[in-house]
Amino acid sequence: MTSGSPDTPCSCDCFVSVPPASAIPAVIFAKNSDRPRDEVQEVVFVPAGTHAPGSRLQCTYIEVEQVSKTRAVILSRPSWLWGAEMGANDHGVCIGNEAVWTKEPVGEGEALLGMDLLRLALERSSSAQEALHVITGLLERYGQGGSCREDSTSFCYHNTFLLADRTEAWVLETAGRLWAAQRIQEGARNISNQLSIGTDISAEHPELRTHSQAQGWWGGQGTFDFAQVFSLTQQPVRMEAAKARFQAGRELLQRQQGSITAEVMMDILRNKESGICMDSGGFRTTASMVSILPQDPTQPCVHFLTATPDPSRSVFKPFIFGEGVAQAPQVLSPTFGTQDPVWTVPRFQTQVDRRHSLYRGHQEALGLMESEQDQGQQLRQKQQDLEQEGLEAVRRLLAGEWAPPPQELGGLFQAFVKRESQVYA
């Protein structure tokens, strides 16, 4: 296989709840990142920056022009690449991406990965809509392409995105350089490795319909259904599985309409029966994220990240932008400089150990949970207690019952990562 195909095991699920679907006056975002089962995902904090005119920026495979100012971001990313599977910026914008295959052919050449587009949008935007414009502008200029897996066998796909901020969300679905977007101003929405925008298109590429007509995919008259026009005519088995997962996710959201909280989203991400919490063949859920984006701009946004695989046996730990935020070393993978197989051409001819210290401890804990019933139950209880402590601290913070010094708030994620590491030690 020289390029990605829809038969390749690959899945992700993104969710968003916009009031009145949320139980509180906040937009709630969530994502499971499903990737090759041995791939390590790290959580990286990148501070805001200023950059000299004419600066160039190296992404995973190609360089792009840098902008004068970039926002601080927190990223959950496969540790071998530059971009991210999901993340947030210091202005309350969250984005998650998903693999998708359409009638548009997947390019073999190296360009921007969807994960690069995600990080670039977070660094350059102050709202979900602005992030959408960043992605579509970069898509038009540089295109999307390149292998999305650390393997000598190329694995390529196009991307869909769920973008959210304090007031609304957008679904952006792409096919090559073409795209369609849907604005979500209330209610709940999910995406799962397939085109899901039908006739309710809020914005689109200017050549979307003329290209569809020229290809013979649309007659040019009547309604234009983006998913119907661009989806593959013969849906392979993996795409049918994604359809079932999308439906299950939608039903899980609908059951909780009006009462969706961060805890509800965490439960959905942990749902194994639906396949949303994935462990299938060579792929599994390698990291998860849930964010609370209060509509009140005086309240902080809170981002819960696992930095470890399998959310059903991981700890969602709270991160808040502010004074005192720094990189938590326990969730940062080792680097290999010019010897990294991603930089050596031909790429990915060798393997390196990218496990960070929390990942190593968590893997040992998973082994005990599976082999030692009593000790495993004790470890899982400690995980649950730690997560509940974080959720309660956030509840008190947003309710105005707890007002810690800014330094303590900024160090919250680091403190919880350290305590989780101690549990495994």
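## A walk through the predicted model

Ser79 sits in the loop between strands E8 and E9, where helices (H or I, at least four residues) and strands (E, at least two) are DSSP runs numbered from the N terminus. With a relative accessibility of 12%, Ser79 counts as buried; buried means under 20% relative accessible area, exposed over 50%, and partly exposed in between, using a 1.4 Å probe and protein chains only. Leaving aside residues up to four places away in sequence, Ser79 touches Val40, Glu42, Ser333 and Arg354, a contact being heavy atoms within 4.5 Å.

A word on the source: this is a predicted model, in which local features need pLDDT of at least 70 and side-chain atom pairs count only at pLDDT 80 or more, while totals for chains, interfaces and linings use all residues. Residues are numbered from 1 along each chain as its sequence is written, and side-chain values use heavy atoms, with hydrogens and water left out.

### Helix H10

Let us turn to a helix. H10 covers residues 412-424, 13 residues in total, and spans 19 Å from its first C-alpha to its last, close to the expected 18 Å; that expectation is 1.5 Å times one less than the number of residues. The buried residues in H10 are Leu412, Phe413, Phe416, Val417, Glu420 and Tyr424. Viewed down the axis of H10, these buried residues fall within an arc of 130°, so they line one face of the helix; the arc is taken from the directions from the helix axis to the C-beta atoms. An α-helix has 3.6 residues a turn, so residues three or four places apart point the same way. What do the buried residues of H10 pack against? Their partners are strands E3 (41-46), E18 (302-305) and E19 (317-319), together with helices H7 (357-371), H8 (373-398) and H9 (406-410).

### Salt bridges

The structure holds 24 salt bridges, each one a side-chain nitrogen of Lys or Arg within 4 Å of a carboxyl oxygen of Asp or Glu. Here are three of them.

| Pair | N to O distance |
|---|---|
| Asp13 and Arg245 | 2.8 Å |
| Arg71 and Asp90 | 3.5 Å |
| Glu401 and Arg395 | 3.1 Å |

Asp13 and Arg245 form a salt bridge. Asp13 lies in strand E1 (residues 12-18) and Arg245 in helix H5 (residues 237-255), so this pair ties together parts that are 232 residues apart in sequence. Asp13 is buried at 0% relative accessibility, and Arg245 is buried with a relative accessible area of 5%.

Arg71 and Asp90 also meet in a salt bridge. This pair links distant parts of the chain, 19 residues apart: Arg71 is in the loop between strands E7 (69-70) and E8 (73-78), and Asp90 in the loop between strands E9 (86-89) and E10 (94-100). Arg71 is partly exposed at 27%, as is Asp90 at 34%.

Elsewhere, a network of salt bridges links Lys272, Asp310, Arg313 and Glu370.

### Nonpolar cores

The largest nonpolar core has 83 residues, of which Phe226, Phe230, Met265, Val290 and Phe304 touch the most other members. Such a core is a set of buried Ala, Val, Leu, Ile, Met, Phe, Trp, Tyr and Cys residues joined through side-chain atoms within 4.5 Å. H8 gives the most to this core, with 7 residues. A second, separate core of 48 residues includes Val64, Ala84, Leu117 and Cys148.
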